[in-house]
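Colleague: Could you walk me through reading how the parts of a chain sit against one another? I have a model open and would like a guide.

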Amino acid sequence: MRISMVSEHASPLAALGGVDAGGQNVHVAELSLALARRGHDVTVYTRRDDPDLPARVRTDPGLEVVHIDAGPARAVAKDLLLPYMGALADGIVADWGQDVPDIVHGHFWMSGLAALDAARRAGHAGRSVRVVQTFHALGTVKRRHQGVEDTSPPERISLEAMVGRSADHVVATCSDEVFELAAMGVPGRRVSIAPCGVDLDLFTPLGPVEERNRTHRIVSVGRLVPRKGMDLVIRALRALTELGRNDVELVIVGGAGNSAGLQDDPEAQRLMTLAADLDVADRVVLRGQVSRVKLPAVLRSADAVVCAPWYEPFGIVPLEAMACGVPVVAAAVGGLVDTVVDGTTGLHAPPQDAPAIAAAIAALLADPARARELGENGYQRVLARYSWDRIAADTETAYLAALGTTAPRPSTAQQRTARPLESTGGRAL
Ligand code: UDP
């Protein structure tokens, strides 16, 4: 198949850990690559956020990233990008020309708008392009949890429902999302589940292990935004101290730059102030952004990886921890309920419950044999279920459902003519 991915704010080429660069970037990058490995011809359209980016970057055989001029050529918070979706659709339609893809796959609600717009315009010209949508996060859920703090455009909720109802097929990433989609009026017959995956070559149980500064270590990884619940993990560290455990350090990975750069990050400052107030600052390390290649050594150094979000559309970090053979303590929310099996690959805690997180960590520290067993089970689980090749196969099935067929349309891959390519500008996938 010829597949166009649209990911307006989350480029597969971006560095991770900043406020708007996390799981969606990983998902689009790895899914596109795995689909290309399966022989599909994949183009990812993303917004140009830097004037020096080349127009097109061929990252791998069958995979190209195209930067579209849509809004200012600089970083713009994703909550401000809605006005530029028309320009994004213009760029996509212009790039397609006469040679439209079989599938346009929108990632996040705004990309869904651009994908539907581009497909509609192709339709007016007599060319059929089917639209598949993955939301990654839902405005309804965000509003429920963030209330007045929610900075999404007010139109998000109604436009998102429109995208869900108009797409030929919607790919949910977890079972919880299926219920949310039903409540939005998306017919169940047009919804299937394809979770996120994990890079099983990079995240492995064996390999370098970062040295600890204390006897025990817990690690949390995520964008430094309040809803990731890093403050709850700091509170859990305090609660552990009260349980007689002051031999545990907490390493927090994430943020827009290195640890020095976190001086200007208000969320990092809030977390360090909290750690000082709770008298655990000497055992909390804010590491800032850690590159993909260095992350496995940090995960392997943990007795447990703790994921304590208020809500979580999917959550790739637990898969990365499991792939490294490390047990996960997870808030029982969203995708974490599917990925982390309570008592088998880790332990669940109720949402926003620092004492329960502390109790789960304490239980693992008290029983290293059990912790090892949970880690090993986690590794087996990701091997069996969460390779990107498997996720790509599931996604391909969703594409075939959108096409109303069980086999790809013939010969479209051969119709594509090669285009000249520019250099990658030093960025790596
Ligand atoms: N990540 C990273 N370095 C960082 C912070 C995050 O590589 O400094 C990665 C993390 O390993 C995971 C992704 O960013 O692959 C975050 O995805 P997740 O689904 O857990 O959360 P989201 O960002 O989608 O809310």
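Colleague: Which domains does the domain assignment give for the chain?

Modeller: Keep in mind that this is a predicted model. The assignment gives domain 1, covering 2-193, and domain 2, covering 216-386. Their C-alpha centres lie 29 Å apart.

Colleague: How should I read the area buried between domain 1 and domain 2?

Modeller: Interface size is often given as the accessible area that is lost when the parts come together. Here the area buried between domain 1 and domain 2 is about 1400 Å², and carbon and sulfur atoms give 59% of that. In terms of residues, 22 from domain 1 are in contact with 17 from domain 2.

Colleague: And how many salt bridges does the rule find across the interface of domain 1 and domain 2?

Modeller: The general idea is that side chains of opposite charge can pair when their charged atoms come close. Across this interface, the rule finds zero salt bridges.

Colleague: Which helices each supply at least two residues of the side of domain 1 that touches domain 2?

Modeller: Look at helix H1 (23-37), helix H4 (139-146) and helix H6 (175-183). H4 provides the largest share of that side, four residues. By residue class, the side of domain 1 that touches domain 2 has eight nonpolar, 10 polar and four charged residues.

Colleague: What does a search of the whole structure find in the way of salt bridges?

Modeller: It finds 27 salt bridges. One of them joins the side chains of Glu180 and Arg144, at 2.9 Å from N to O.

Colleague: Finally, how many helices and strands does the chain have?

Modeller: The chain has 15 helices and 14 strands. Its radius of gyration is 22 Å, close to the 22 Å that the globule rule gives for 429 residues, so the chain is as compact as a globular protein of that length. Along the principal axes, its C-alpha atoms fill a box of roughly 70 × 40 × 40 Å.

Conventions
Residues numbered from 1 in each chain as written. Predicted model: local features only at pLDDT ≥ 70, side-chain atom pairs only at ≥ 80, totals over all residues. Heavy atoms only, no water. Domains from an automatic or database assignment. Contact = heavy atoms within 4.5 Å. Buried area = accessible area lost by both parts, 1.4 Å probe. Salt bridge = Lys/Arg side-chain N within 4 Å of Asp/Glu carboxyl O. Nonpolar A, V, L, I, M, F, W, Y, C, P; charged D, E, K, R; others polar. Rg over C-alpha atoms; globule rule 2.2 N^0.38 Å.
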